[in-house]
Amino acid sequence: DLAGAAPRPPPPTQPARQLPMSVAGKALSDKLAAVADEARKAKADGYLAIALDEVAWLLNIRGTDVPHCPVLEAYALVNVNSDTTTTTTTDTTNSTTNSTTATLFVDLDKVPAPMAEALAEHGVTLQPYDAIEAAVRNFASQGKKLLLDPEKSTFAMLTAAADAAVLSPSPVTLPKALKNSAELAGMQQAHAVDGAALANFFGWLFDYVKVEGNSLTEAELATRLAGFRAAQPGFLDLSFPTIAGANANGAIIHYNPLVAENPATVNSETMLLLDSGGQYETGTTDVTRTVHLGTPTAWQKECFTRVLKGNIALDMVVFPEGTPGPAIDAFARTALWQVGLDYLHGTGHGVGAALNVHEGPQSISTRYANTVALKEGMVLSNEPGYYEANAFGVRIENLLTVRRKQTPHAFNGKTFLGFEQLTHVPIQKDLMEIGLLTPTELDWIDAYHARVWALVSPLLEEDSQGYKWLQAATTPLPRATAAAEAPVAAGAAA
């Protein structure tokens with residue numbers, strides 16, 4: 001077996017870190033208590049967290065064991081004790097202590113002493129990583145039932161639990177997706193500094209290529225972008241390998257120039273699709289911008305504008321609570337469908353808060369079997385695209401937060417939801433076909449660019465390349481040739 005003969009790389013050894021409450025927003029003891037309640041409802045005596053991002057979120061810890069994902073290799077076994085809480089009363093105070101405990105199975109050398117002490121204060125003990133299988137077998141041998149998510153469990157853990165396994169969806173997945181106010185504030189902070197990094201990068205790129213007439217490879221471009229991000233406060237890592245596709249490579253949806261045999265050249269004739277993101281101490285970013293470093297063709301402008309119209313339509317949609325993501329996917333595709341175009345990937349994926357750049361259970365796509373309702377506090381991407389093989393690709397991606405919307409009516413008492421932008425990076429005006437944009441869409445673009453300028457410009461050095469680029473990129477659009485608004489369909493309610 002050639003694969004088995006290859007030596008394994010050494011295991012990661014970097015220390016883990018504790019996420020401060022200012023970023024986590026919820027104490028791990030409260031998270032453990034909530035998980036214990038769900039395990040109890042499933043008639044289980046414990047829950048085993050196996051997915052690395054769930055372990056990290058549940059215990060408010062982060063690591064560097066997986067490239068681009070701030071997680072560590074670990075398991076968390078939550079023990080559901082018979083009494084949820086115990087109350088201690090003194091003459092002056094009443095305090096409630098959570099009795100739920102947990103064990104973190106991890107390489108003990110990765111846990112600094114202060115972190116171990118903080119975990120212990122919340123009822124979390126430590127065991128070696130390779131002790132997990134024996135611990136699960138021991139748990140089962142005591143006649144206890146263990147809740148396991150069949151979609152996240154390994155064969156080894158299912159085998160160890162055997163008849164003690166209670167198979168049910170993870171009680172962590174949905175709470176992790178519903179960001180609290182501290183997590184959202186951290187995401188907003190991360191996106192602001194990420195916007196500054198991209199402003200500095202694009203300011204440099206346009207000067208270097210378009211003004212000075214230089215060229216560089218896609219791989220060199222990706223490396224330079226990483227350097228601009230690394231210069232920002234709180235930067236930890238990229239959130240995924242940068243996708244930098246010049247011209248035809250932009251039509252390869254997950255193109256990685258750093259592993260390409262012959263990365264293409266980026267010059268003053270290039271249409272560039274750039275999908276990138278960063279991991280910061282307070283949040284996770286993921287943004288795609290398509291730019292042209294020269295003069296786009298009329299067809300490129302039409303395709304770009306139709307993708308932009310889809311992005312705006314989804315951004316502006318208002319929907320009743322209980323609506324699953326696939327029910328609104330068509331808003332992002334309609335402008336493309338009208339001329340017989342489409343794209344073959346989902347429109348939106350969930351994003352973790354200072355965690356993995358991809359998370360569930362929510363999504364916006366044509367996978368209609370996903371009936372998970374979009375809920376306030378979820379973060380999703382909005383990334384329609386168009387890809388023409390051997391020619392070019394277009395994708396425009398913002399991250400959005402699901403927020404409650406104030407509507408003039410509340411049909412049957414329903415709450416209505418919509419989106420709030422997290423990403424603050426200009427959308428290239430030179431690629432827009434103004435005649436295809438309605439006055440409402442033009443207003444959206446100008447308002448978006450005004451917010452970008454207000455949030456990002458204070459983070460830039462005045463008169464720097466990034467500052468000047470951002471200033472020019474966020475000026476209002478011309479209005480003389482805007483498209484008419486779509487008419488109200490016949491028979492629609494006034």
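**Side-chain contacts in a predicted model**

Good morning. Asp-65 is buried, with a relative accessible area of 10%; buried means under 20% relative accessible area, exposed over 50%, and partly exposed in between (1.4 Å probe, protein chains only). The model is predicted, so local features need pLDDT of at least 70 and side-chain atom pairs count only at pLDDT 80 or more, while totals for chains, interfaces and linings use all residues. Residues are numbered from 1 along each chain as its sequence is written, and side-chain values use heavy atoms, with hydrogens and water left out.

Let me stay with Asp-65. Its side chain meets that of Lys-110 in a salt bridge, at 2.6 Å from N to O; the term requires a side-chain nitrogen of Lys or Arg within 4 Å of a carboxyl oxygen of Asp or Glu. This pair links distant parts of the chain, 45 residues apart: Lys-110 is in the loop between β7 (101–106) and α5 (113–121), and Asp-65 in the loop between β3 (61–62) and β4 (74–79). Helices (H or I, at least four residues) and strands (E, at least two) are DSSP runs, numbered from the N terminus. Lys-110 is buried as well, with a relative accessible area of 3%.

How many salt bridges does a search of the whole structure find? The count is 17. Another of these joins Arg-333 to Asp-329, with the closest N and O atoms 2.5 Å apart. These two residues stand 4 residues apart in helix α12 (residues 329–337), so about one helical turn separates them. Both Arg-333 and Asp-329 are buried. Arg-333 also lies over the face of Tyr-343, at 3.9 Å from the ring centre. For such a placement, NZ of Lys or CZ of Arg must be within 6 Å of the ring centre and within 35 degrees of the ring normal. Likewise, the charged end of Lys-31 sits over the ring of Trp-57, 3.9 Å from its centre.

A further salt bridge connects Arg-403 and Glu-420, whose closest N and O atoms are 3.5 Å apart. Arg-403 belongs to strand β24 (residues 398–405) and Glu-420 to strand β25 (residues 416–421), so the pair ties together parts that are 17 residues apart in sequence. Are these two residues buried or partly exposed? Arg-403 is partly exposed at 24% relative accessibility, and Glu-420 is partly exposed at 32%. Finally, salt bridges link Asp-53, Lys-176, Lys-179 and Glu-359 in a network.

I turn to the aromatic residues. Rings of Phe, Tyr and Trp (its six-membered ring) pair if their centres lie within 6.5 Å; planes under 30 degrees apart count as stacked, over 60 as edge-to-face and the rest as tilted. By this rule there are 14 aromatic pairs. In one of them, the ring centres of Trp-204 and Phe-228 are 6.2 Å apart with planes at 45°, so the pair is tilted. Trp-204 is in helix α9 (residues 181–211) and Phe-228 in helix α10 (residues 218–230), 24 residues apart. Trp-204 is buried, at 9% relative accessible area. Ring pairs join a cluster that includes Trp-204, Phe-228, Phe-201 and Trp-469.

Last, the nonpolar cores: sets of buried Ala, Val, Leu, Ile, Met, Phe, Trp, Tyr and Cys residues joined through side-chain atoms within 4.5 Å. The largest has 71 residues, and those with the most contacts inside it include Phe-201, Leu-221 and Phe-419. Its largest share, 9 residues, comes from α9. Apart from this core lies another, of 33 residues, among them Ala-16, Leu-28, Val-111 and Val-172.
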